[in-house]
Amino acid sequence: MAELKITHDNFEEEVLGSEVPVLLDFWAPWCGPCRMIAPVIEDVAKEYEGKVKVGKVNVDEENALAAAFRVASIPTLVVVKDGAVVAGAVGYKTKAEIAAMLGV
C-alpha cells in the first residue's frame, strides 16, 4: 500500500525520521472534500512511491497530531521534509498542485 496510516505511535519514525519528503493528509471519514481529494492523494502516492511518502492522519482518531499542526479545516495537506514543515495547503488541490508542493 502506497499510503500509510500515521498515528501518534508511528509519527516520529515514519514522518520525522523519513529520508524522503512526507505528504500528510489530515482528513476524516465524514468530510466530503476529503473524499473528493482521496483519489488524487492515492494517485500521488502511487506515482511518486519511493520518492515521497504519503501519510493519512484521521483527525478524529489523532486529535493531538491535528492540534500540533494547527489543523482548523480539512482536508489539510502538509509537507514535512527533514523533520520540518516546508509546505501546506487547505482544501482540494489538483495532482499538479500537490506535486509542486512536494517539489517532484
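These legends describe close-up views of one predicted model.

Local features need pLDDT of at least 70 and side-chain atom pairs count only at pLDDT 80 or more, while totals for chains, interfaces and linings use all residues. Residues are numbered from 1 along each chain as its sequence is written, and side-chain values use heavy atoms, with hydrogens and water left out.

**View 1**
Strand 3 spans residues 53-58. Helices (H or I, at least four residues) and strands (E, at least two) are DSSP runs, numbered from the N terminus. Strand 3 is mostly covered, with six of its six residues buried. Buried means under 20% relative accessible area, exposed means over 50%, and partly exposed lies in between (1.4 Å probe, protein chains only). In a regular strand the side chains alternate between the two faces of the sheet. Here K53, G55 and V57 point one way, and V54, K56 and N58 point the other way. Strand 1 runs parallel to strand 3, joined by three bridges. Two strands pair if DSSP finds at least two bridges between them. L4 has G55 as its bridge partner in strand 3. Strand 2 also runs parallel to strand 3, joined by six bridges. In that pairing, L23 stands opposite V54.

**View 1. E62, a buried charge.**
E62 sits in the loop between strand 3 and helix 3 (63-68). Lys and Arg count as positive and Asp and Glu as negative; His and the chain ends are not counted. E62 is buried, yet it has no salt bridge. A salt bridge needs a side-chain nitrogen of Lys or Arg within 4 Å of a carboxyl oxygen of Asp or Glu. The nearest side chain of opposite charge is K5, 6.3 Å away. The side chain of E62 does make a polar contact, reaching the backbone nitrogen of H8 at 3.0 Å. A polar contact is a pair of N or O atoms within 3.5 Å; within protein, one must be able to donate a hydrogen and the other to accept it, and residues adjacent in sequence count only if both atoms are side-chain atoms. Neighbours within four places in sequence aside, E62 is in contact with I6, T7, H8 and V57. Contact means heavy atoms within 4.5 Å.

**View 2. N10 and the backbone.**
N10 belongs to the loop between strand 1 (3-5) and helix 1 (11-16). Its side chain reaches the backbone oxygen of K5 at 2.9 Å. A polar atom of the N10 side chain also lies 2.7 Å from the backbone nitrogen of T7. Not counting residues up to four places away in sequence, N10 touches K5 and V15.

Helix 4 covers residues 95-102, and its buried residues are I98, A99, M101 and L102. They lie on the same side of helix 4 because they cover an arc of only 155° around the axis. The arc is that of the directions from the helix axis to the C-beta atoms. An α-helix has 3.6 residues a turn, so residues three or four places apart point the same way. The face turned away from the buried side carries the exposed residues A96 and A100. Among the elements covering the buried residues are strand 2 (22-27) and helix 2 (32-47). Strand 4 (76-81) and strand 5 (84-90) also take part in this cover. Just after helix 4, G103 takes a positive phi of about 75°.

**View 3. The hairpin of strand 4 and strand 5.**
Strand 4 and strand 5 pair in the antiparallel sense over six bridges. T76 stands opposite V90 in strand 5. The hairpin has two residues between the strands. D82 lies in this loop. Phi of D82 is near 55°, a positive value in a residue other than glycine. D82 counts as exposed, at 66% relative accessibility.

**View 4. The loop between helix 3 and strand 4.**
Most residues other than glycine have a negative phi, and most peptide bonds are trans. R70 lies in this loop. R70 is not a glycine, although its phi is positive, at about 55°. R70 is exposed, with a relative accessible area of 73%. P75 is found in the loop too. The peptide bond from I74 to P75 is cis, with omega near 0°.

**View 5. M36 on helix 2.**
M36 lies in helix 2. M36 is exposed, with a relative accessible area of 53%. M36 and K51 are 15 residues apart in sequence. In space, C-alpha to C-alpha, M36 and K51 are 24 Å apart.
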